[in-house]
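Dear colleague,

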Amino acid sequence: MRDGADTLPPLLAALGGARPSRPPVWFMRQAGRSLPEYRALRGRGARGAGMTGMLGACLDPATAAEATLQPVRRHGVDAAVLFSDIMVPLALAGVGVRIEPGIGPIVDHPIRTPADVAELTAHALGEAPAGPSGLAAIEEAVRAVVAELGSPGAPGATGGMPQRALAGLAHSRGTWGWTPLIGFGGAPFTLAAYLVEGRPSRDHLAARTLMHSDPAAWDALLDWCARITGEFIALQIRAGASAAQLFDSWAGALSPEDYRERVAPHSARALEIAGRAVSPATGGRAPLIHFGTGTARILADMRASGADAVGVDDRTDLAWAISELGGEGACPVQGNLDPALLAAPWAVLGPAVDACLEAGRAAPGHVLNLGHGVPPTTDPNVLTRVVARAHGDGDWEGAALAGWDGWPGPSAPGGSDAP
């Protein structure tokens with residue numbers, strides 16, 4: 001353990017390049033469909049900022065806060081991540097967008113011409129009819145979450161909560177007494193890809209065509225996306241998030257040269273805007289994670305854009321990634337357990353968790369996570385057991401094996417090697 005490694009919650013310590021006594025773990029998409037309590041919450045419906053469906057749920061403060069907190073109560077993870085969507089800031093800037101179940105984001109009027117770009121970039125975050133109320137909803141949700149997580153200066157809000165949920169919060173907070181909230185936003189290229197394609201795409205051909213055929217329009221579009229997402233992340237930080245992640249879901253579709261010349265400067269701009277925000281939870285700037293899928297060839301470029309840590313996907317060997325980020329670019333890493341392993345027998349999954357933690361020890365700091373999001377079919381008790389394995393906590397594994405409805409129960413015999 002390095003000096004000062006346990007003065008902050010494990011996530012923040014690791015992102016700062018320290019090695020805390022408890023390896024931090026959280027899961028991308030932990031707030032979502034794998035939890036029965038989340039499905040029940042969404043089944044009640046939610047409408048926020050005049051919107052319905054997924055976007056309406058994200059912009060309903062009570063729904064967003066509850067969905068954010070559910071995995072912390074259940075799994076005892078070392079961080080909450082705000083329940084939101086990368087399309088939210090676009091909607092709050094006047095873009096006609098909706099989330100279609102089974103498909104993903106659909107943009108009403110794709111951005112294909114310089115005139116389209118000029119019209120779009122005349123708008124700012126919060127200028128849409130639902131913009132002011134939507135931004136206020138995000139702030140309200142963040143404040144409610146950090147209150148329950150016990151962030152410094154926030155009043156507690158756990159009255160009347162079931163004992164199992166209180167146990168999850170207590171495990172998450174540990175001896176530090178509070179749990180960080182992670183804010184997030186979509187990286188400029190990923191936002192631009194959706195805006196140009198109009199829907200999810202396998203090859204992002206239309207976006208890459210615009211990038212090469214009209215560099216001026218492309219730069220204007222990405223500059224706008226960088227400003228919108230940077231401001232959206234900064235809003236979350238100023239409201240209480242103490243770390244944040246920039247998601248570049250589609251950057252792996254680019255050549256390293258195209259990424260460096262046409263995208264990386266805009267990612268750097270988004271990170272720079274977010275990095276200026278001060279979190280009331282810590283009184284300082286929030287460490288920023290940069291994550292993408294299929295990005296093995298550009299990990300060093302993602303780091304060079306100004307991120308404090310780099311997320312590694314499950315297609316990339318973690319030890320190799322740490323080596324690529326070595327030397328002057330050495331930084332904390334996050335990842336990269338294969339989500340498919342969550343459905344494997346524990347005799348396979350448990351050692352895989354150990355191997356990921358061991359590989360991560362070569363980096364200045366390591367946050368255990370998946371190499372992508374939690375599949376919706378995942379057994380929630382498996383996620384809790386992964387947390388217990390990472391933390392080396394037999395009692396918490398007993399809670400995982402007992403299940404949400406079976407707790408409190410005896411600790412699992414044999415500790416983390418129980419069947």
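Below are notes on its aromatic pairs and then on its pockets.

This is a predicted model, in which local features need pLDDT of at least 70 and side-chain atom pairs count only at pLDDT 80 or more, whereas totals for chains, interfaces and linings use all residues. Residues are numbered from 1 along each chain as its sequence is written, and side-chain values use heavy atoms, with hydrogens and water left out.

**Aromatic pairs**

The structure holds five aromatic pairs, where rings of Phe, Tyr and Trp (its six-membered ring) pair if their centres lie within 6.5 Å, and planes under 30 degrees apart count as stacked, over 60 as edge-to-face and the rest as tilted. One of them joins Phe 184 and Phe 247, edge-to-face, at 5.3 Å centre to centre and with 75 degrees between the planes. Because Phe 184 belongs to strand S4 (residues 181-186) and Phe 247 to strand S5 (residues 243-248), this pair ties together parts that are 63 residues apart in sequence; strands (E, at least two residues) and helices (H or I, at least four) are DSSP runs, numbered from the N terminus. Both Phe 184 and Phe 247 are buried, a term that means under 20% relative accessible area, with exposed over 50% and partly exposed in between (1.4 Å probe, protein chains only). Phe 184, Phe 247 and Phe 291 form one aromatic cluster.

**Pockets**

The largest pocket has a volume of about 1,400 Å³; a pocket is an open set of points on a 1 Å grid over the protein atoms alone, where a 1.4 Å probe fits, with protein on both sides within 12 Å along at least five of seven lines, and lining residues have an atom within 4 Å of a point. The volume is the space filled by probe spheres set on the points, which are joined across faces, edges and corners. Of the 50 residues in the lining of this largest pocket, Arg 29, Arg 33, Met 54, Asp 85 and His 372 are the closest to its centre. Helix H2 gives the most to that lining, with three residues.

The second largest pocket has a volume of about 230 Å³, and the closest to its centre among its 14 lining residues are Gly 94, His 109, Ile 111, Glu 119 and Leu 120. Helix H6 (residues 114-121) supplies the largest share of the lining of the second largest pocket, three residues.

With best regards
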